[in-house]
Amino acid sequence: MSVLSLPKERNVTPLHAFIASSLASFRKEGVLNYAIVTRAMENVGKKLLNIYSFSNNPKEAILEANELLHFAEQLSVEEDTLHLYVKVTTRSCNICPKAVGGLEHPGRLCPLVGFFSGITGFKPDLENTGREGGFCKIVLSKM
């Protein structure tokens, strides 16, 4: 899939492409890593939570944020007593630094992990977060 076909295939807006390409470019230039993205996006999540007053229910807050910002066409949220699990169909993510931004470096750079942590107040479980089949799985710890 060519980067030029992404707007049609994923409903990528110019702002989505700007975000994904910026993250990819900062990483390529060596001024950005996954820890910085995660922490910075936590702060962004907290800021947007104050601006947009997402639900007090963490699961609903994630769904509301996705509806507002259109991160992904296919996103689901499940939970148990200890964790919140967000699954994004990999091919539907509109801000992926790799698929949309063209990042060729190895390793993770997903901004959604920190963002969802910021709006829920839950800690990212980075050991269990990652790609799983055709999904990107984000695990947030309630503890």
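Mentor: Start with the salt bridge between the side chains of Lys 137 and Glu 132, at 3.1 Å from N to O. Keep in mind that this is a predicted model. Lys 137 has a relative accessibility of 19%, so it counts as buried, because the cut-off is under 20%. Glu 132 has 41% and is partly exposed.

The structure holds 3 salt bridges. Side chains of opposite charge can pair when their charged atoms come close. Take Glu 79 next. Its partner is Lys 142, and their closest N and O atoms are 2.7 Å apart. This pair links distant parts of the chain: Glu 79 sits in strand S1, Lys 142 in the segment after S5, and 63 residues separate them. Both ends are partly exposed: Glu 79 has a relative accessible area of 41%, and Lys 142 has 25%.

The remaining pair is Glu 42 with Arg 39, whose side chains meet at 3.0 Å, N to O. These two are 3 residues apart in helix H3 (residues 34-52), so about one helical turn separates them. An α-helix has 3.6 residues a turn, so residues three or four places apart point the same way. Glu 42 is buried at 13% relative accessibility, while Arg 39 is partly exposed at 45%.

Now go back to strand S5, which holds Ser 141. Ser 141 is buried, with a relative accessible area of 17%. Beyond its neighbours within four places in sequence, Ser 141 contacts Leu 82, His 83, Phe 122 and Lys 123. A polar atom of the Ser 141 side chain also lies 3.4 Å from the backbone nitrogen of Met 143.

Strand S5 (135-141) leads on to helix H4. The buried residues of H4 pack against S5, strand S1 (75-79), strand S2 (83-89) and helix H5 (112-120). Which residues of H4 are buried? They are Ala 61, Ile 62, Ala 65 and Asn 66. These residues cover an arc of only 130 degrees around the axis, which puts them on the same side of H4. At 1.5 Å a residue, the 12 residues of H4 (residues 58-69) should span 16 Å, and the end C-alpha atoms are 16 Å apart, which agrees.

Look at both ends of H4. At the start, a side-chain oxygen of Asn 57 reaches to within 2.9 Å of the backbone nitrogen of Lys 59. Just after the helix, His 70 takes a positive phi of about 55 degrees.

His 16 counts as buried, at 5% relative accessibility. A polar atom of its side chain lies 3.0 Å from the backbone oxygen of Leu 69. The His 16 side chain also makes a polar contact with the side chain of Thr 13, at 3.0 Å. Setting aside neighbours within four places in sequence, His 16 is in contact with Leu 69, His 70 and Phe 71, and also with Asn 11, Asn 94 and Ile 95.

How values were computed
Residues are numbered from 1 along each chain as its sequence is written. This is a predicted model: local features need pLDDT of at least 70, side-chain atom pairs count only at pLDDT 80 or more; totals for chains, interfaces and linings use all residues. Side-chain values use heavy atoms; hydrogens and water are left out. Helices (H or I, at least four residues) and strands (E, at least two) are DSSP runs, numbered from the N terminus. The expected span of a helix is 1.5 Å times one less than its number of residues. Buried means under 20% relative accessible area, exposed over 50%, partly exposed in between (1.4 Å probe, protein chains only). The arc is that of the directions from the helix axis to the C-beta atoms. Contact means heavy atoms within 4.5 Å. A polar contact is a pair of N or O atoms within 3.5 Å; within protein, one must be able to donate a hydrogen and the other to accept it, and residues adjacent in sequence count only if both atoms are side-chain atoms. A salt bridge is a side-chain nitrogen of Lys or Arg within 4 Å of a carboxyl oxygen of Asp or Glu.
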